[in-house]
Amino acid sequence: MTSTASPARRTSKAGWNILGLLVAATAGFPVYWMLDTAIKPAKDAIDPDPSLLPTGFTLDNFSRAFDIADFWGPVGRSLVVSLSVVLIGVVVGMLAALAISRFAFRGRKIVIVGILAVQMVPLVAMIIPVFLLLNDLHQYDKLTGLIITYLTFILPFTVWTLRGFIVNIPRELEEAAMVDGCSRTGAFVRVVFPLLAPGMVATSVYGFIQAWNEYLYALMLLSQENQTATVWLGNFTTKHGTEYAPMMAGATMMALPIVVLFLLVQRKMAAGLTAGAVKG
């Protein structure tokens, strides 16, 4: 016996599909416009009556992006900062989240509230205190100082996110492993860590994106010689105006590491989430 969906249900489904396409088109249009501007001739990028369709193809904008300033230096520094923030943030955040989730100690609620409160503070409000503190610690205009600064707002999010993953892992699994002879550390490594891996990957990707795209602190805390990739994009705006086509070419090259990272981890994230969701 076969059943067919009612006309009202098909209409509702079609409406949701159309809405999804509109949302996808709205979100994807800036990316399309960036790519289109990056490969079109520079004169077409400043046309007051632009065309939505590509009007030409050229790689001169990418050459100009390489020539206008050092490219690999800022990109290398951004990679060092972003990867350092991710590694330190995930390790420290995992330990902090485990302590908050699994152990009862005095001031635990205060720590949780403090983590939430830190995330509510606007980043721009901390520029002057951070500058003065790094200057006293002799970390101004150093990548280590920028890494410490990024950790102040990425680490609280990491702790809070990983805490949510750990809380959803039943304590009974650890207790069963300890009954079988595992120590508390062994139970964490053998039981909790594999289930926590998807959350760590997702949190790491978020932290990397945040550190990679951050502009304000990189501009204020680093000199021109130590600039990161986001600040490097500012070189396309001069007293003569903004070179939009080379800027979009530079933005395209900056977006590639994020795209590559996501493509590398998306399958592992999906596989890990599926495996962690199955109860046996």
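A charge is taken to sit over a ring if NZ of Lys or CZ of Arg is within 6 Å of the ring centre and within 35 degrees of the ring normal. The model is predicted, and local features need pLDDT of at least 70, side-chain atom pairs count only at pLDDT 80 or more, and totals for chains, interfaces and linings use all residues. Residues are numbered from 1 along each chain as its sequence is written, and side-chain values use heavy atoms, with hydrogens and water left out.

| Charged residue | Ring | Distance to ring centre |
|---|---|---|
| Lys40 | Trp33 | 4.9 Å |
| Arg163 | Trp160 | 5.1 Å |

Rings of Phe, Tyr and Trp (its six-membered ring) pair if their centres lie within 6.5 Å; planes under 30 degrees apart count as stacked, over 60 as edge-to-face and the rest as tilted. By this rule the model holds 12 aromatic pairs. One of them joins Tyr150 and Phe153 edge-to-face, with 5.7 Å from centre to centre and 65° between the planes. Both residues belong to helix α7 (residues 143-167), where a spacing of three residues separates them by about one helical turn. Helices are DSSP runs (H or I, at least four residues), numbered from the N terminus. Buried means under 20% relative accessible area, exposed over 50%, and partly exposed in between (1.4 Å probe, protein chains only). Tyr150 is buried at 1% relative accessibility, and Phe153 is buried at 14%. Elsewhere, Phe66, Phe71, Trp72 and Trp232 make up one aromatic cluster.

Helix α4 (residues 72-102) packs against helix α9 (residues 184-213) at an angle of about 145°, with the axes 9 Å apart. Axes are lines fitted to C-alpha atoms, for helices over the stretch in contact, and angles run from 0 to 180 degrees between N-to-C directions. Contact means heavy atoms within 4.5 Å. Residues in this contact include Val75, Leu79, Val86 and Leu98 of α4 and Phe188, Leu196, Met200 and Trp212 of α9. By class, the contact has 15 nonpolar, four polar and no charged residues. Here Ala, Val, Leu, Ile, Met, Phe, Trp, Tyr, Cys and Pro count as nonpolar, Asp, Glu, Lys and Arg as charged, and the others, Gly among them, as polar.

Phe103 lies in the loop between α4 and α5 (108-120) and is partly exposed, with a relative accessible area of 37%. Not counting residues up to four places away in sequence, Phe103 touches Leu98, Arg108 and Arg184. Phe103 and Leu79 are 24 residues apart in sequence and 35 Å apart in space, C-alpha to C-alpha.

Note on methods:
Helices (H or I, at least four residues) and strands (E, at least two) are DSSP runs, numbered from the N terminus.
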